[in-house]
Amino acid sequence: SDALRAMGFDVIVAPATRGWGDSMGIPHNSVHLPNCRAGARKGREAGLGACVTSWAVRHSHPLVNLPGAFAAAQGFGTSESDDPAAVVRAFTEHRFGVALPEFAEALRLAEGRVPWCESREMKAPEAAAGAVQAWLAQVDGQAGGRDEVIARVEETAAGLARAEAVFADLRPRAREHADDFDYWLEGVRHTRLCATFDLALLRGRLPAEAPALRQQLAARRAETRRLFGTTFPAASTREEEAVRYAFHAAVLDSAGAPGGQPCG
């Protein structure tokens, strides 16, 4: 912004609440919150203001993008603490009517990413089986191989499970907007499903675990359809459901196809 202003341009700073590379369901808040806060402050001090943006179409529900937008609003103030935990605590007081300090740790754990949980990875479900096979071959060729990736996915999955438990515990404590937690839970459960899917692939157990994975996929589809259907048009809800689940469904179909090459 300083360089553009030095060239004579007026500047509006545009920090983002989510971006390319975030998991499908939850923003990477440890990046976006300080970015939104600092961007808004820079816009206030040296520009025409700030426009909070999102660079991942939609995918995560807009309600889970609110912490970033709140951090940007705080960036226009002058007295609030820059401590990320304090920013999140202030958000909970503003949104839920009560301080929920545990929310900050839940945000950090919920942003955990595993393979095949990002929208950019799942744009072509018709090529899903081949993409997964190529990924497994790449993993096998790396130092540490599958064991190292399995360990990372397991660690992330444990953090996601903890985030889900905290969100579920905080929901009844909210005095206002308690329903927001349903969208946080939906997002983190989606990433947990991706982790379970990854572990079945990495362990070569996808055909054996396919029936259980199909049940989980159906449950997550129903949850997404119900929650997004309350705020999105019907066509957008169908699109969201497809983007979230068509890739994994295609891989499961290939694993069970007669004469097919099961992934794993």
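Which residues make the nonpolar surface patch of about 330 Å²? I found L4, M7 and F9. Patch members have over 30% relative accessible area and no salt bridge, and nonpolar side chains (Val, Leu, Ile, Met, Phe, Trp, Tyr) are joined within 5 Å.

I note that this is a predicted model, where local features need pLDDT of at least 70 and side-chain atom pairs count only at pLDDT 80 or more, while totals for chains, interfaces and linings use all residues. Residues are numbered from 1 along each chain as its sequence is written, and side-chain values use heavy atoms, with hydrogens and water left out.

I looked up M7 next. M7 sits in the loop between helix 1 (2–6) and helix 2 (29–46); helices are DSSP runs (H or I, at least four residues) numbered from the N terminus. M7 counts as exposed because its relative accessibility is 57% (buried is under 20%, exposed over 50%, partly exposed in between; 1.4 Å probe, protein chains only).

I then searched the whole structure for aromatic pairs and got 13. Rings of Phe, Tyr and Trp (its six-membered ring) pair if their centres lie within 6.5 Å; planes under 30 degrees apart are stacked, over 60 edge-to-face, the rest tilted.

The W116 and F247 rings have centres 5.0 Å apart and planes at 20 degrees, so I logged the pair as stacked. W116 is in the loop between helix 5 (102–110) and helix 6 (128–140), F247 in helix 10 (residues 234–256), 131 residues apart. Both W116 and F247 are buried.

F228 and F232 have ring centres 5.2 Å apart and planes at 85 degrees, so this pair is edge-to-face. F228 is buried at 0% relative accessible area, and F232 is buried at 13%.

I also noted a cluster linked by ring pairs: F70, F91, F96, F103, F167, F181 and W184.

Note on methods. Patches are made of residues with over 30% relative accessible area and no salt bridge: like charges are joined within 9 Å, nonpolar side chains (Val, Leu, Ile, Met, Phe, Trp, Tyr) within 5 Å. Accessible areas come from the Shrake-Rupley method with a 1.4 Å probe; for residues, only the protein chains shown count as cover. A salt bridge is a side-chain nitrogen of Lys or Arg within 4 Å of a carboxyl oxygen of Asp or Glu. Helices (H or I, at least four residues) and strands (E, at least two) are DSSP runs, numbered from the N terminus.
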